[in-house]
Amino acid sequence: MKDSQGGLKALLLNQIDTSSTEAGERLLQSAASLRRIAVELRGDGLGRAVAGLADRGVVNLERVGTYLTDSNGNRLVTDAERFGRERPFALAASGLILGIVGSRVIKASASRHRRDDEGRA
């Protein structure tokens, strides 16, 4: 039983590591795209304020993307546990927000499927 739990934990940590690395790489790609947009805006002259906002977005995307690509599954779980212990209300609020967003996505998907079914009838 203990071996199967250890194997399951290793499998989950590996999945977290793989998924977070992929998400981090996508964020880094988005940061590069946003950086190109900021350069174009700055070149236009009119978009300097927007370019400054884009630059701040690039910094944040790169920071999070680098964290996700450089961190292994164990570190991510440890950091999430620490965050939950230090900020339980923030964790609860995050869960509530994710729940609301998830329910809206499911509701929208169900409505779309219902319209598709009615269209075929």
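Helices (H or I, at least four residues) and strands (E, at least two) are taken here as DSSP runs, numbered from the N terminus. The model is a predicted one, in which local features need pLDDT of at least 70 and side-chain atom pairs count only at pLDDT 80 or more, while totals for chains, interfaces and linings use all residues. Residues are numbered from 1 along each chain as its sequence is written, and side-chain values use heavy atoms, with hydrogens and water left out.

**Overall form**

The protein chain contains four helices and zero strands, in the order α-α-α-α along the sequence. Its C-alpha trace spans about 65 × 50 × 30 Å along the principal axes. The radius of gyration (taken over C-alpha atoms) is 20 Å, whereas a compact globule of 121 residues would have one near 14 Å; the globule rule is 2.2 Å times the number of residues to the power 0.38.

Buried residues (under 20% relative accessible area; exposed is over 50%, partly exposed in between; 1.4 Å probe, protein chains only) make up 13% of the 121 residues. The accessible surface of the protein chain is about 9300 Å², and carbon and sulfur atoms account for 60% of that area. Accessible areas come from the Shrake-Rupley method with a 1.4 Å probe, and for residues only the protein chains shown count as cover. Of the contacts (heavy atoms within 4.5 Å) between residues at least 6 apart in sequence, 64% join residues at least 24 apart.

**Ser-71 and its surroundings**

Ser-71 sits in the loop between helix H2 (48-70) and helix H3 (73-86). With a relative accessible area of 2%, Ser-71 is buried. A polar atom of the Ser-71 side chain lies 2.7 Å from the backbone oxygen of Tyr-67. The Ser-71 side chain also makes a polar contact with the side chain of Arg-75, at 3.2 Å. A polar contact is a pair of N or O atoms within 3.5 Å; within protein, one must be able to donate a hydrogen and the other to accept it, and residues adjacent in sequence count only if both atoms are side-chain atoms. Apart from neighbours within four places in sequence, Ser-71 is in contact with Asp-17, Ser-20 and Leu-76.

**Salt bridges**

A salt bridge is a side-chain nitrogen of Lys or Arg within 4 Å of a carboxyl oxygen of Asp or Glu. The count by this rule is five, including those in the table.

| Salt bridge | N to O distance |
|---|---|
| Arg-75 and Asp-79 | 3.5 Å |
| Asp-79 and Arg-82 | 3.1 Å |
| Arg-87 and Glu-86 | 3.4 Å |

Arg-75 and Asp-79 are both in helix H3, four residues apart, about one turn of the helix. Asp-79 and Arg-82 are separated by about one helical turn because they are three residues apart in helix H3. Asp-79 is buried at 18% relative accessible area. Arg-75 is partly exposed at 42%, and Arg-82 is partly exposed at 39%. Salt bridges that share partners join Arg-75, Asp-79 and Arg-82 into one network. Arg-87 is partly exposed, with a relative accessible area of 42%.

**A nonpolar surface patch**

Leu-8, Leu-11 and Leu-12 form a nonpolar patch on the surface, and together they have about 310 Å² of accessible area. Patches are made of residues with over 30% relative accessible area and no salt bridge; like charges are joined within 9 Å, and nonpolar side chains (Val, Leu, Ile, Met, Phe, Trp, Tyr) within 5 Å. Leu-8 belongs to helix H1 (residues 2-44) and is partly exposed, at 48% relative accessibility.
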